[in-house]
Amino acid sequence: KQWYQRRVAITAGRGTPSEDLEEHLGPDDSASQTGLDRAQLLEKYQQALNERDKILNLNSQCQHKIAEHFRKKKGADERQEVEKSVTDQEQRYMKCLQALDELELENELTQKEAESRSNEEREKMEEKKNLVDEMTAQYFEFKKGVAKQAVNSRSGKPLALKDIEQYIANEKKKEKSTDCDSALIPLL
């Protein structure tokens with residue numbers, strides 16, 4: 001137990017070596033009782049202090065070497081992580097570019113398909129419009145033929161060709177105005 005107390009006091013480093021030695025030996029202890037003289041004890045104590053300083057210096061150097069090693073290792077690990085991160089980002093970027101290319105191609109195909117459908121519908125509309133125009137012309141010819149055979153109910157004479165054409169022209173005018181009205185209504 002005394003040895004431990006002395007060691008603790010030595011490592012604490014309080015006071016001068018001779019004061020520390022006297023403090024740890026106590027007033028009862030003397031150099032003659034331990035079998036060693038004071039000079040030898042001071043010399044051993046000084047050696048122990050020197051050895052402690054050397055060990056502390058060595059410990060400090062080792063701590064610095066360890067810290068430097070871990071710092072380098074951490075830097076290398078971070079570089080690897082950065083390289084992995086860059087690689088991951090490049091792969092994700094390439095995937096995004098591929099997806100973008102696919103979407104652009106799909107968009108082009110959709111636009112072509114929509115344009116094709118639109119053209120088909122326009123052609124159908126033109127065909128139907130032509131059919132309607134043809135049927136309308138036939139209708140007016142039929143009306144004209146019926147009007148030519150008609151007889152005025154008051155006079156009993158056939159209707160004048162001039163009146164028939166005027167009547168048909170008025171009816172065509174009405175038909176055109178309804179066509180224009182329907183053209184103003186947007187298709188939904």
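View 1. A search of the whole structure finds zero disulfides. The model shown is predicted. Cys62 has 38% relative accessibility, so Cys62 counts as partly exposed. Cys96 reaches 52% and counts as exposed.

View 2. The secondary structure comes to five helices and zero strands. Read from the N terminus, the elements run α-α-α-α-α. The chain has 188 residues, and buried residues make up 7% of them. Helix α4 spans residues 38-149.

View 3. Four side chains are picked out here: Tyr93, Met94, Leu97 and Leu100. Together they make a nonpolar surface patch of about 390 Å². Tyr93 lies in helix α4. With 52% relative accessibility, Tyr93 counts as exposed, because exposed means over 50%.

**View 4. A patch of negative charge.** Asp101, Glu102, Glu104, Glu106 and Glu108 gather on the surface. Their patch carries negative charge. Glu108 is part of helix α4. At 44% relative accessibility, Glu108 counts as partly exposed.

**View 5. The salt bridge of Glu68 and Arg71.** The structure holds six salt bridges. Side chains of opposite charge can pair when their charged atoms come close. In this view, the side chains of Glu68 and Arg71 meet, at 2.6 Å from N to O. Both residues lie in helix α4, three residues apart, which is about one turn of the helix. Glu68 is partly exposed, with a relative accessible area of 34%. Arg71 is exposed, at 54%.

**View 6. The salt bridge of Arg117 and Glu113.** Arg117 forms a salt bridge with Glu113. The closest N and O atoms are 2.5 Å apart. The two residues are four apart in helix α4, so about one helical turn separates them. Arg117 is partly exposed, with a relative accessible area of 48%. Glu113 is partly exposed too, at 46%.

**View 7. The salt bridge of Lys124 and Glu121.** Here the side chains of Lys124 and Glu121 meet in a salt bridge, with 4.0 Å from N to O. Both sit in helix α4, three residues apart, about one turn of the helix. Lys124 has 45% relative accessibility and counts as partly exposed. Glu121 is partly exposed, with a relative accessible area of 47%.

Methods
Residues are numbered from 1 along each chain as its sequence is written. This is a predicted model: local features need pLDDT of at least 70, side-chain atom pairs count only at pLDDT 80 or more; totals for chains, interfaces and linings use all residues. Side-chain values use heavy atoms; hydrogens and water are left out. A disulfide is a pair of cysteine sulfur atoms within 2.5 Å. Buried means under 20% relative accessible area, exposed over 50%, partly exposed in between (1.4 Å probe, protein chains only). Patches are made of residues with over 30% relative accessible area and no salt bridge: like charges are joined within 9 Å, nonpolar side chains (Val, Leu, Ile, Met, Phe, Trp, Tyr) within 5 Å. Accessible areas come from the Shrake-Rupley method with a 1.4 Å probe; for residues, only the protein chains shown count as cover. Lys and Arg count as positive and Asp and Glu as negative; His and the chain ends are not counted. The place of a charge is taken as NZ of Lys, CZ of Arg, CG of Asp or CD of Glu.
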